[in-house]
Amino acid sequence: MTTDYGHDLVFGTFVTPANRPVHQAVEQAVVADRAGLDLVTFQDHPYIAKFHDTSTLLAYAAARTERIHLSANVTNLPLRPPAVLARAIATLDLLSGGRIELGIGAGAFWDGVAGMGGPRRTPGESIEALEEAIAIIRGIWDTDDPGVLAVRGKHYTVHGAKRGPAPAHPVGIWVGAYKPRILRLVGRAADGWLPSIQYLPNGLPDLTEMNRHIDEAALAAGREPGGIRRFLNIGGHFTTQGRGFLQGPPSQWAEELADVALTYGTSGFILASDDATLTETFAAEVAPAVRELVETARRTHGHE
Amino acid sequence: MSSYGHPVRFGVEILGGAGAPGDAVSLAVLADQLGYDLVSFADGVEEGDADPLTLAAWSAARTSTVQVGASRLRATARPASIIARGAGSLQLLSQGRAMVMLGAGTPAVDLDAVEESVAVIRSLHDTARRSRASHSGTYHRLSGAEPGPSLEQEVPLWVHASDAAGAGLAGRVADGWTVDLAEVDLGGLETLSAVVDGAATDAGRDPREVRRAVTVTGPAALDADALVAMVVDHGMSLFVLRADGAAAGVSQMRTFIEDVAPAVRDGAERALPPGALTSRRLRRADVRARRRPDIAYDEVPEDLVEMAVEPGDAAFGKVRSTYLRGGNPGLVLRPRSEAEVADALGFARQHRHLPLGIRSGGHGISGRSTNDGGLVIDVGALDDITVLDQAARLVRIGPGARWRDVAKVLQPHGWALSSGDYGGVGVGGLATAGGIGFLNRKHGLTIDHLRAVEVVLADGTLVRASGTENSELFWAVRGAGANFGVAVAFEFVVDEVDEVGWAQLAFQAPDPAAYLEAFGRVVADLPRETTPFLILGQGMAQVMAMVDSSDPAVIISQLQPFVDIAPLVQQQVVIAPYAAVMNMFPEAPHDGRGEPASRSALVREITPGFAAASADLIRSGVSHWYQIRTVGGAVADVASDATAYAHRDTRFALTVMGGNAQRLDQWFEPVRRHSEGLYLSFESDRSPDRIADAFPPATLARLRRLKAQLDPHNLFQDNFNIAPTQDDTRSAS
């Protein structure tokens, strides 16, 4: 069985937001930008003191780059109040000329969150809170809506909050998710899905079942499943001899990623990389080859 | 009323940015270009404005000198912990230009939220305490949060307040108080100033700790005389122009900084006594409260004040401990020049009752580069590396440079200078002790490359020592330098070194004594190109060896005898630049705890007796580190009286470390009986017997005579200390 939602492919990196050396993460973002990648992302764990504040890092890195889009991967919602988050994202999207996206998660590492003064939520509560937050964020951004912005949730309530700023481009809300309930939220409310390969219990084949939860929830909500972009955080090394998935020469990577794209409908590949050579090779030798393989296959098999 | 002594500065506060944050950051860039001291973005996030912290972070990336931050920041809109991390990152990324002004003015914000925010931010930025941060407030909570990031300078926290309650809070806790002239008149300013002063005094603070800012707009901003009066009468030291993106705003920004600012500065200088606005750095009362007894903190020489680190300072966490030793010094002075080193020593001479550490890279074991309650002079800033003479391969290096950086600078020239086994080590300590590195058998010790050294002596004099000037000091620096002064520059002739062979070999070694004896036999016949270091543990042996050759055949043939000793379990052999070996391991912050127990022995041969005693030591489990560095070769070509490092004929330098000195000695003593001496760098025992092990009698007598001349009162004693001779050396000689 194959799945393909027909999106253009995007390629990006997942950079450790280490605060020592101070500018290392920014430099890696600049490397990705110059290499022609589409996206650079940073994890957001405010309770880890050796990491930069991701919001500050995103703004600083956006100011030092020219074309590349930037996103948290993924924003720690419990420590980032949604209305302020929405305004911060919109501010940065306006400053950067529409290069900011919103990767967001329901939260994890609850001891760390609680240690920083955030709420400790059960899985169910965290999903509820995320759905409320997405409603608030979209409401803040929707300056065309003349109505009063009112969300009365169990976790977040806004009533009459002023809308705006509106972002410069339609910012994608991409959710990190694995379990059925939150996957259904992705289908109902998100613009993208952002899982990491190492958290798939049975590896890539899990994507089929997870996609199904998203697709069914989308259809039930009257949304087009194809409107939800499927990303995948990946890791790998270039080696001369093939040793396994993404452990081989760039041509092997290209074939493997094209296969993932055509089998599971994944259209965004985000490579964990703090290494300029790894990033540059991915951009120069893997990304164009995957695009070509996928285009050829789509023409041959009559995908849309 | 009077001024509080702070130089007058000028800032701009940018409002809104709701529709066009791009305009807001353009004003920030303009402010940077115009020479403003500060640009802040007012927080209107609850009214739908742009996010001020995002504007500040973006602006930091697009500006170079101006301080950047958020003002009127809502203490209830975000977790204070997140403000702390954000401000910390802004401080790091902007290289010390961050500031935060919390709003306690209009619209009314519960002052408790502001006060809690200040407490939470400060506790998360306090990395020196080494404990997790907790705070149980009404608005902001921490429970066991990890402090950080580690900052060089605290982020200044100001409170904006236009009523007595807010001004009182500013006086009680803030680094600065800011008030908007749109919210109070001059009479109100005077009243609130008095409130700030009173609250500061009541809280045990010096009112001067609280800097004063006033926000001005419209025609009032252009009245220089009125601003001068505010400096003179109310101690205001920062004038912030409220600006918006309109063209009129831009032209007012220019007028304010180009015309008004110089007039205010001139007027204030004329009206106040000379020097009134150039006060020295003043720490907060809670920072001063962490000072140690018996240190005249307020008498630190002016040129050292800016870089000095006290126990309450943000940077203290980074400087208190060394690589292996936990410390809690009372004051760390960080001189940036020879003159500042001399001033630091002057300060140290006034504090002879306290320990004095000299720190270059912080890896010293016998050289105590931290202490408890004493002084540390950290020469890390003296880290220049300059090629003086290309043809002669003469290179001048500051004591604060790290060997990893030295190697990187020398590599493009095809040069290297043998140092130690780790690139993070600093130049100063190693180059005054010996330097038993990976190229020593071919090229000699690090000190054997020294041609001249510049030293600040105990009395503050700067002297140059070489083969022709101050030659006795030049002799002494090469092996016992820590006793005689603070080296501020070294001149080395370095070696031509192409890429080298670098091997890491791991062996099964169930019988350590047999392995040691076999290792000794191989080294006896080993060509000078190869310098192996051996780490022996229970059941395993690891050999790290450098071959000064880029010829694979030479490398393999010289390593082959080691491979034949015992079953090889792992091997990696590469051809790489010396600099790559020195940069194998990344730099990590020093966070040593406790006191290292380290013992050194130099031996000529690995005799069966030495091997057996070593095997017993290894099997005892009292030691976690048993390393033998091979010496000999070129090191032995130098006469034993040519330098203070005298044990030229020994070929193996053993270092043993353990968790407990007494238990270690119980097992090390039998090993020591087989030794000819020791290398002082790796000896933590300070007993007179060990001094005699390090220096043969003639060397020691000569060192003691020189010590009596140059440091008769023994200022430099927190090292491997040589007591000055008591008799009058001049009449005796």
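This is a predicted model: local features need pLDDT of at least 70, side-chain atom pairs count only at pLDDT 80 or more; totals for chains, interfaces and linings use all residues.
**Close-up views of chain B and its partner chain A**

**View 1. The side of chain B that touches chain A.** Contact, meaning heavy atoms within 4.5 Å, joins 41 residues of chain B to 37 residues of chain A. Between them the two chains bury about 3200 Å², 65% of it on carbon and sulfur atoms, where buried area is the accessible area (1.4 Å probe) that two parts lose on being put together, summed over both. In chain B, the residues that lose the most area to chain A are W58(B), R85(B) and L93(B), together 22% of what that side buries.

**View 2. The largest nonpolar core.** A nonpolar core is a set of buried Ala, Val, Leu, Ile, Met, Phe, Trp, Tyr and Cys residues joined through side-chain atoms within 4.5 Å, and buried means under 20% relative accessible area (1.4 Å probe, protein chains only). The largest such core holds 178 residues, of which Y36(B), W177(B) and F239(B) touch the most other members. Its largest share, nine residues, comes from helix α5 (residues 123-141) of chain A, helices being DSSP runs (H or I, at least four residues) numbered from the N terminus.

**View 3. The surroundings of S614(B).** Helix α20 (residues 608-620) of chain B contains S614(B), and this residue is buried, because its relative accessible area is 0%. Once neighbours within four places in sequence are left aside, the residues in contact with S614(B) are L516(B), Y626(B) and V671(B).

**Notes to all views.** Residues are numbered from 1 along each chain as its sequence is written, while chains are lettered from A and ligands numbered from 1 in the order in which they are written. Local features need pLDDT of at least 70, side-chain atom pairs count only at pLDDT 80 or more, and totals for chains, interfaces and linings use all residues, whereas side-chain values use heavy atoms, with hydrogens and water left out.

Notes:
Helices (H or I, at least four residues) and strands (E, at least two) are DSSP runs, numbered from the N terminus. Buried means under 20% relative accessible area, exposed over 50%, partly exposed in between (1.4 Å probe, protein chains only).
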